[in-house]
Amino acid sequence: MKHLILLASLLALVACDNSSSSRGPVTPPSPVPPPNASFDISAVNLTTAQPLSPLAVLIHDDSMQAFIIGQPASAGLEQLAESGNNSDLLAELDSSAEASGSAVLSPGTGETITLELPSDSTSGLQLTIVAMLVNTNDAITAVNGLNIASIGVGESMVIYGASYDSGTEANTETAATIPGPAGGGEGFNASRDDVSDQVTGHGGVVTSDDGLSTSVLSHQHRWDNPVARFIVTRTQ
Amino acid sequence: MNKTLTILTLTLAAAAGNISAAQLDIEITNLTRGSFFTPLLVTAHPASASLFSAGNIASANLQQMAEGGDLTGLVADLTAVSATSIENPASGLLAPGASTTTSLDTDSAPDNTQLSIVGMILPSNDGFMGLNAIALPTQDGTYIYTINAYDAGTEANDEIVGGGAPGTAGFPAPGPVAATLGSGGTGVIATSEGFVHIHRNVLGDDNDSGGVSDMSNTVHRWLNPVARVVVTVAN
C-alpha cells in the first residue's frame with residue numbers, strides 16, 4: 001500500500017514536468033480495494049431433545065453485550081429466551097453485521113450462517129450468538145462477545161455454548177409455560193417471576209422423571225453443558 | 001556473531017529469573033442460579049503444595065472448608081509453605097450471579113507458581129468450587145478459567161439443614177441461604193464417598209415442607225461450570 005502511494009506521487013510529478021507538452025495527464029492505476037472481511041459461523045445442536053430457536057448472530061464492537069451474568073435480562077433477551085423470537089434482541093444491539101438462522105435447529109442438526117462486514121477491518125470486533133432451548137421456560141445457549149479480531153483469513157476458532165437461565169420466568173416446566181413441542185404453551189410473558197431477576201448459568205431441567213411432579217418434560221429433555229458447538233471461520 | 005549470541009543468552013537468563021513473578025487482578029463470578037459460595041480462598045502457592053487431589057481422601061483442613069466454609073486450617077497449611085493468599089475477598093457469601101475482585105502480587109515470592117481458589121457451595125453437604133493448582137499466568141494478558149464443583153467425599157449428602165463442623169450431619173444455613181430453603185425433609189439416603197470427586201449435583205425436591213431434601217430441585221441444582229475466573233496480568 002505504501003509502495004502504491006509512492007508510485008502515484010512519482011507519476012504526478014512526471015505529469016507536472018510534461019504539462020507544457022501536448023500529452024495529457026497520466027492517470028495512475030487505482031489500487032484494488034481489499035475484500036470485506038467475511039465469516040462463516042457453523043452451529044451444531046448438541047442436545048438430545050432441545051430444539052434451538054433460530055440463532056441470533058451478530059458481529060459488534062466491544063461497547064455492548066447481549067447480557068451480563070448477575071444483571072437483569074434486556075427486554076429483547078427476555079423475548080428470545082421465553083418465546084424463541086430473536087427480532088427484538090437483534091434490533092436492540094448495534095451491529096456491524098447480523099443475521100437470523102433460517103429455522104429452528106433440531107437436535108443433532110447444524111446450519112452455517114455467513115456474515116460479511118462493511119470493510120476489511122475486524123479490529124475490536126466481537127461475535128455474539130444467542131438461541132433458546134425451546135423445551136424450557138427461559139433457557140438459552142450463547143456465545144457472549146467472542147473476540148474475533150485475531151482470526152486471520154482462512155483460520156477457524158471452535159467455541160462451545162453453555163446454557164444460561166435468563167432469570168425472567170420461573171422454571172415450573174409446566175406445559176402451559178413451555179413453548180416448544182414438549183409443551184405447546186405460552187411463549188413470552190412480560191411478568192418476571194423467576195427466583196431472581198438476573199441472568200445466570202442454567203441448572204438444567206428437573207423433569208417429571210426426576211422429581212418435579214408438575215413438569216411436562218421427561219428425562220430426554222435434560223442436557224449437560226455444552227449444548228452447542230460453533231466453528232467460526234474467517235473466509236476473506 | 002558469537003558476541004551477539006552471548007548477549008541474547010544473558011537476556012533470556014535474566015528474564016527466566018523473574019518468569020514466575022506476576023501481579024494479577026482476579027475476578028470471580030458465581031455462575032449458579034441458586035447456590036452461594038462461602039468466603040473464598042485465593043492463593044498462589046509452590047508447586048510442592050496443593051489443597052486437594054481428585055480421587056484421594058480430603059485432608060482434615062479441606063473437610064473443614066467443604067463442610068462448613070471454615071478456612072482456618074487451609075490458611076495455616078498455606079502459611080507453612082509461604083504461599084501468597086487472599087481470604088474472603090467478597091467479605092462474606094458470594095451470592096448467585098455475583099462477582100468479586102481481588103489481587104495477588106507474587107513479585108516477592110517467585111516460587112508461588114500455582115493458582116488455587118476454593119469455597120464451599122451452600123446449600124450442599126460438602127460441595128465446593130475448586131480451581132486446583134493451575135500454572136499461574138505471568139505474561140501480560142487476560143486469562144479466563146471455568147471452575148467445576150467438587151464433592152469432598154467426607155459427608156453423606158443428606159441435603160438436610162444441620163451443622164457445619166466436621167463430622168456434624170447436614171449443612172449450615174446462614175440467613176441468605178436459609179431464605180431459599182424448604183424444611184422438614186426426611187433426608188436423602190446417602191453415605192460419605194471417601195474421596196474428592198466431581199460433584200454429582202444436588203437432588204432437591206418440589207416440596208417446601210417435606211419430601212426428602214430441604215433444597216429445591218428447580219433452584220439449587222447446577223451444571224458445571226459453577227464459576228468463572230478472569231485473571232488479568234499487568235506487570
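Strands in these legends are DSSP runs of E covering at least two residues, helices are DSSP runs of H or I covering at least four, and both are numbered from the N terminus. The views show a predicted model.

**View 1. N201(B) in the loop between β9 and β10 of chain B.** The phi angle of N201(B) is near 85°, a positive value in a residue other than glycine.

**View 2. The cis peptide bond between N224(B) and P225(B).** Omega of this bond is about 0°. P225(B) belongs to the loop between β9 (197-198) and β10 (227-233) of chain B. N201(B) is also placed in the loop between β9 and β10 of chain B.

**View 3. The cis peptide bond between N225(A) and P226(A).** For this bond, omega is about 0°.

**View 4. N88(B) in the loop between β4 (84-87) and β5 (99-105) of chain B.** N88(B) is a residue other than glycine with a positive phi, near 55°. N88(B) is partly exposed, because 17 other C-beta atoms are within 10 Å.

**View 5. Strand β8 (residues 141-151) of chain B and its antiparallel pairing with β7(B).** Four bridges join β7(B) and β8(B), and F128(B) has Y150(B) in β8(B) as its bridge partner. The two strands form a hairpin, with five residues between them. β8(B) also pairs with β10(B), in the antiparallel sense and over seven bridges; here Y145(B) stands opposite V229(B) in β10(B). With β9(B), β8(B) pairs over two bridges, again in the antiparallel sense. In that pairing D151(B) stands opposite H197(B) of β9(B).

**View 6. Helix α2 (residues 60-68) of chain B, which is mostly covered.** How many of the nine residues of this helix are buried? Eight of the nine are buried: N61(B), L62(B), Q63(B), Q64(B), M65(B), A66(B), E67(B) and G68(B). The cover over these buried residues includes α3 (72-80), β6 (114-122) and β7 (127-135) of chain B. After α2(B) comes G69(B), with a positive phi near 80°.

**View 7. Helix α2 (residues 75-83) of chain A, which is mostly covered.** Seven of the nine residues of this helix are buried, namely G76(A), L77(A), E78(A), Q79(A), L80(A), A81(A) and E82(A). What do the buried residues of α2(A) pack against? They pack against β2 (56-60), α3 (87-92), β5 (126-132) and β6 (139-147) of chain A. G84(A) follows α2(A) and has a positive phi, near 85°.

**View 8. The contact between chain A and chain B.** Chain A gives 19 residues to the contact and chain B gives 18 residues. On the side of chain B that touches chain A, eight residues are polar, six are nonpolar and four are charged.

Note on methods: Residues are numbered from 1 along each chain as its sequence is written. Chains are lettered from A and ligands numbered from 1 in the order in which they are written. This is a predicted model: local features need pLDDT of at least 70, side-chain atom pairs count only at pLDDT 80 or more; totals for chains, interfaces and linings use all residues. Two residues are in contact if their C-beta atoms, placed from the backbone, lie within 7 Å. Ala, Val, Leu, Ile, Met, Phe, Trp, Tyr, Cys and Pro count as nonpolar, Asp, Glu, Lys and Arg as charged, and the others, Gly among them, as polar. A residue is buried if 20 or more other C-beta atoms lie within 10 Å of its own, exposed if 12 or fewer, and partly exposed in between; C-beta atoms are placed from the backbone. Two strands pair if DSSP finds at least two bridges between them.
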